[in-house]
Amino acid sequence: MQRSLQHDTARTGHVVVIGGGIAGLAAAHRLLGTGLRVTVLEATERLGGKLMTGEVAGVRVDLGAESMLARRPEAVELATAAGLGDRLQPPATASASVWTGNALRPMPKGHVMGVPGDPAALAGLLSSEGLARIAEERDLTPTAVGDDVGVGAYVADRLGREVVDRLVEPLLGGVYAGDAYRISMRAAVPQLFEVAREGGSLLDGVRRIQERAAARQLTGPVFQGIAGGLGTLPDAVADAVRAGGAEIRTATPVLGLTRTGRGWEVRTDSGVIAADGVVMAAPAWSASTLLAAECPAASVELAGVEYASMALVTLAFRRSDVEGTEALAGRSGFLVPPVDGRTIKASTFSSNKWRWVADAAPDLFVLRTSVGRYGEEDHLHREDSELVAVSLKDLADATGLTARPVDTVVTRWIGGLPQYPVGHLGRVARIREEVAKLPGLRVCGAVYDGVGIPACVAGAHRAADEIAEEIIATSTRVQGTPSEAGQ
């Protein structure tokens with residue numbers, strides 16, 4: 001669609017993008033190909049949302065998300081378009097573990113978000129009773145799922161709670177920082193939802209998923225990072241957006257949004273901006289406030305979206321101090337089941353996982369832990385020193401690491417991850433239905449189609465394409481009226 005639009009317009013309309021996270025920047029980048037004028041407004045002084053780099057012991061590292069799914073093309077294509085193609089880098093190792101039963105156990109192969117196609121894949125991770133419970137699954141009557149069902153609830157019903165508590169929960173928690181028993185299967189693991197709707201054995205359904213994946217012969221890395229940090233992506237996209245003629249204003253919160261006879265008025269503390277269209281790429285709570293007057297039904301739905309908060313504790317050690325810690329060697333990190341009662345929920349061994357980190361600091365060993373899940377926000381109120389101390393304690397218990405770090409950084413992400421409870425996609429559909437009733441307005445971001453970067457980019461492209469098509473169609477109709485033609 002974009003190529004044809006380039007011939008039809010000459011910057012005849014103006015779109016304001018509210019929110020300078022990766023979704024907002026991706027929308028702005030997409031809009032530039034349509035000939036429309038674009039302004040991006042970001043409330044804070046920094047672009048990128050949950051993508052951010054910083055320094056620990058003088059080494060540049062990611063302090064937010066560190067990788068993106070590469071089997072979906074949108075994020076990799078955006079990074080390439082922004083000039084980062086030669087810096088894309090897969091993990092140097094994907095040898096992750098699960099810390100459970102007071103031991104680091106290898107992450108099992110052959111599962112879909114923790115759900116196995118063969119019980120033997122979880123041997124060593126589950127008890128003999130847990131494995132026996134999975135083996136009984138084919139004898140169970142089908143479980144009805146209706147329009148949606150909680151991942152944990154359904155899997156526990158079919159395979160027992162142990163597989164949920166020991167594997168599904170920590171895997172989903174790594175993505176959503178949420179509760180697996182509440183998370184929507186339809187939204188979070190749609191391929192599982194499809195086989196669940198088909199009825200029959202879940203184990204057999206997982207095998208069908210795996211067979212279909214094998215038939216597609218997917219090659220290349222599953223995940224990609226960026227040398228220098230995934231947090232460099234927003235700035236690169238922003239540079240491309242500016243180079244394309246768009247304006248980006250940081251430290252410019254939007255105070256009000258009003259529909260007029262000619263379009264939209266976007267009110268900021270420095271004045272009112274007239275726009276033909278608005279892409280709302282702000283978090284749910286902000287979008288809810290801004291849409292309250294013009295789109296109250298969508299505002300109410302957005303106000304009901306819950307978020308999880310978390311903290312990342314990044315630690316740098318002298319490499320010579322950790323060389324005797326065998327549990328660190330060769331691993332990319334580990335996940336922690338909440339049922340085991342630990343404070344940290346995961347740890348990433350950055351110097352092992354990312355070659356660019358190791359190359360930048362060969363004398364250091366950098367790792368990070370994450371703390372906080374949905375409903376466990378109390379941890380985030382602890383002092384930085386406390387979060388470092390509990391991280392070091394759990395790391396010592398898990399790996400035997402006794403060295404002291406030479407530097408630490410604690411990063412809190414308050415309201416970092418929207419939750420996808422059962423029925424979430426219904427909520428999203430209702431929001432979009434109400435928003436679409438207003439000309440020149442669309443929404444995008446992690447609230448709607450997935451918290452991963454490719455999903456955010458895809459949603460941004462959808463919003464940009466729809467708003468551009470609408471504005472250009474309206475402009476074409478106006479230019480083609482008899483009065484215009486006569487003039």
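**A short tour of the model**

Select Ala 329 to begin. Ala 329 sits in the loop between helix 13 (319-322) and strand 18 (333-335). Bear in mind that this model is predicted. Is Ala 329 buried or exposed? Ala 329 has 58% relative accessibility, so it counts as exposed, the cut-off being over 50%.

Ala 329 and Asn 352 are 23 residues apart along the chain. Draw a line between their C-alpha atoms: the separation is 7.8 Å.

Zoom in on strand 6 and strand 11 (residues 223-226). Their pairing is antiparallel and runs over 2 bridges. Pick Gln 89. Across from Gln 89 you will find Gly 225, in strand 11.

Last stop: His 29. Look for His 29 in helix 2 (residues 22-31). With a relative accessible area of 23%, His 29 is partly exposed. Which residues does His 29 touch, leaving out those up to four places away in sequence? Show Leu 78, Ala 81, Val 237, Ala 240 and Val 241.

Finally, select Gln 224 together with His 29. The two are 195 residues apart along the chain, and their C-alpha atoms are separated by 21 Å.

Definitions and conventions:
Residues numbered from 1 in each chain as written. Predicted model: local features only at pLDDT ≥ 70, side-chain atom pairs only at ≥ 80, totals over all residues. Heavy atoms only, no water. Helix = DSSP H or I, 4+ residues; strand = E, 2+ residues; numbered from the N terminus. Buried < 20%, exposed > 50% of the residue type's maximum accessible area, 1.4 Å probe, protein only. Pairing = 2+ DSSP bridges. Contact = heavy atoms within 4.5 Å.
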